[in-house]
Amino acid sequence: MEGLCKVSALFPPFHSIPTNSSSSPHLHRLPKTFCLRIDGKDKVPSEEPSVPSTKSDLPGSDVWKLFSHAQRNIMHINKQRLVAMKEVKRLKVENESLLENLEQLETEMKRTLIELEGRNSASAPSLSLCELLLRIDSMVISGLLSKGDASELRKKFMESKVAIHDALGDIHHKADTQLLSELRKISEKITMKPLHIVHICSEMEPVASYGPLATYVTGLSSALQRQGNFVEVILPKYSNINIGMIQGLSRVEAEFESYFGGQWHNNAAWIGSYKGIGIIMIEPLQYSAFFSRERSHGYSDDFERFLYFSRASMDYIVKSGKQPDVLHIHNWETAVVGPLFWDIFVHQACLIKVAQFIKIKRRQDNCALFVNVKGLDSTRILLTCQDFGSQCLEQPNKLELCGLDPHKLHRPDRLQDNDDTNLINILKGGIVYSNKVVVMSTIHSRERIIHSLSCGLEPTLAIHKEKLMVAPYGIDAQQWDPSRDKYIPRTYSAHDMDGKTACREALIQRLSLSRRISVVVGCIFHGKSEIDVKNLKIALQNGTRQGAQFVLMDCNSVLKPLQDEFKDVKLIPRYDEPLSHLIIAACDIILCPSFDDPLLQVPLKAIKYGSAPISLSSVTDDFRNLNRQSEGHDQGSTNVSQYILSTFGEMSLSQALTEFKSDPGRWEWRMKDWMAKDFSWDAECLDTHFSAYSFVQNL
């Protein structure tokens, strides 16, 4: 007879089963059971009371109760499991939050250390001065410098308040010839009296940042300020202005009047500062709708809006008694300040001066006493153009709104447009009426700008060619320097490159990049970038074939299909400032839409961080032809332009990848050479503007 297992006792309901487990109060322990064989073999005595032996002794209702309780217990266990999973998820989120806070604390600590280092260097300037004086001794001994010149240099630097480290950087790694050249430039600036420069413009970063003009105004102003000059910026008071970035912002108690449309109108002036740069914001009261809009530009009455602002800025300068050395105006938005200045305000100042002189002369009993009545007669005008694409053509009679005479200005040699002679050209007027014109371009020469990029202004620029200067853009050395960058996991420099490897590892981990691919190529676009998708696709095809992987940062949706098409492409669908620092630091090569990048200046940042900038245009023959043509028009080229075009102008992505893999030693040597260059606002950009300011001051 086959063995039959008997249950030692009926299972009681699950909720009534006692348990000794304190850690799991809802989990019940089953009672012990034993198996008894009917044939009498291998009998084991039961520890529980015997079970009825007949089937009828097992009530059906108890069995169903057993299953019901078991089902409820299982559901209870599942609920507990869900609760446990939620708790695990909560702990995971909490852990990630703690890690993020830890990273922020580390970033703050790094920033604090940098600030402390800066304070320490500021608190012990004698060490840098001592080192500099010893280097001057070395120049005298080696014959580079005469004893007389050395004595003069020592005297200037010992008596000046120039911070040696800020002005010259780390002098240990500079050759005597390079250091002497820099010393002579700084010496010239020390002997000159500080300048008072007033910018009248439509943008300034980070207060009113809408394009490359904002970055340029702040970068140049900060560099001028560091050299001991006094800089102020006059802006419209937009409704969406970033007032949180202005220190000590307050409204001037008294209002001032400005002329517009045949009447005088009240304005409020707001004053404050940003990093030592004085800020004046003008708020029209009667024409309050002019600048209380969502955007800064792009309206049908833009000319009237900025005409009002330009006239109000000049009225404020006169009524506040300012006597700046240079009025620096920008693009077409404030170019009309040039005609306003010479035809109205200087003319008024001369009349006032003559009247005061005559009155005083009469009082002096025939004594010819000339009184120096100070006004704007010693002020000069400098115009900066980011490009000539926007010139603002308008009807001549609109000039009457700000008090100008249309009949006097609507002439070929003044404001009349070169193509449409029925209209006036506001940017042309700024060029004609300014003492000096600076065109901002990182790669183009003066000749090329005049002949190829003037957008119909070539006749005007040819006549005023001697006024024209070209200056490169710069980068903020406080924000974009791998030796003190707060956004990268480890800093580095040309003399210690280990940090670049650490940045690469951090980028691989953050974006889950492949470790089997040795070359990482970055590409950073911004919302206003004109993306050449065709050339970018060619670059991705060539690069992936040569074993490179790509990181694309872009806020435009046009690049999304590329990530699906190329497996070794990682797309970041937004612009992320901290991540852009890491990408530029970690990548070996940076693809750029163009070398002329006025908004982000990615090529200059890439060079500073030891990443080769390759222009997307260089994947075709068009860029090479342009580069060769520029060799015949390099008069007026900047040093930055000459260096970038000679070093990277002929280099394609394929060539860069081949050199990186085949000759890493040479690549690293060249990379260190790139990093040693100074492309900050304090370098060539400042020198060019200071030269322009000095020139107009001597007129």
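Which residues form one aromatic cluster? I found Y210, Y238, F260, Y287, F290, F291, F306, Y308, F309 and W332 in it, taking rings of Phe, Tyr and Trp (its six-membered ring) as paired if their centres lie within 6.5 Å. I noted that this is a predicted model, in which local features need pLDDT of at least 70 and side-chain atom pairs count only at pLDDT 80 or more, while totals for chains, interfaces and linings use all residues. Residues are numbered from 1 along each chain as its sequence is written, and side-chain values use heavy atoms, with hydrogens and water left out.

**Aromatic pairs.** My search of the whole structure gave 23 aromatic pairs. One of them, Y287 with F290, is stacked, at 5.0 Å centre to centre and 25 degrees between the planes; planes under 30 degrees apart count as stacked, over 60 as edge-to-face and the rest as tilted. I then looked up burial, where buried means under 20% relative accessible area, exposed over 50% and partly exposed in between, with a 1.4 Å probe and protein chains only. Y287 counts as partly exposed because its relative accessibility is 28%, whereas F290, with a relative accessible area of 8%, is buried.

I use DSSP runs numbered from the N terminus, with helices (H or I) of at least four residues and strands (E) of at least two; two strands pair if DSSP finds at least two bridges between them. Strand 4 (residues 256-260) has four of its five residues buried, so the rest of the structure largely encloses it. It is joined by five bridges to strand 5 (residues 263-274), and the two run antiparallel, with F256 opposite N267. The two strands form a hairpin with two residues between them, and G261 in the turn has a positive phi of about 60 degrees.

**Nonpolar cores.** I took a core as a set of buried Ala, Val, Leu, Ile, Met, Phe, Trp, Tyr and Cys residues joined through side-chain atoms within 4.5 Å. The largest holds 93 residues, of which I200, I234, M314 and F388 touch the most other members. Helix 7 (residues 302-319) supplies the largest share of this core, nine residues. Leaving aside neighbours within four places in sequence, I listed the contacts of I234 (heavy atoms within 4.5 Å), among them V198, I200, I280, F309 and Y316. A second, separate core of 69 residues includes F550, I572, L600 and L616.

Which order do the strands of the open sheet take? I read it as 15-14-13-16-17, with parallel pairing. Strand 15 (569-572) and strand 17 (612-615) are the edge strands, each pairing on one side only. Strand 16 (residues 589-592) runs parallel to strand 17 and is joined to it by four bridges, with I589 standing opposite A612.

**Helix 17.** Eight of the ten residues of helix 17 (residues 577-586) are buried, so this helix is largely enclosed by the rest of the structure. What covers those buried residues includes helix 14 (498-511), strand 13 (519-524), strand 15 and helix 18 (602-608).

**Cysteines.** How many disulfides does the rule give? The count is zero, a disulfide being a pair of cysteine sulfur atoms within 2.5 Å. For C592 the nearest cysteine sulfur, that of C523, is 7.3 Å away. I noted C592 as buried because its relative accessibility is 0%.
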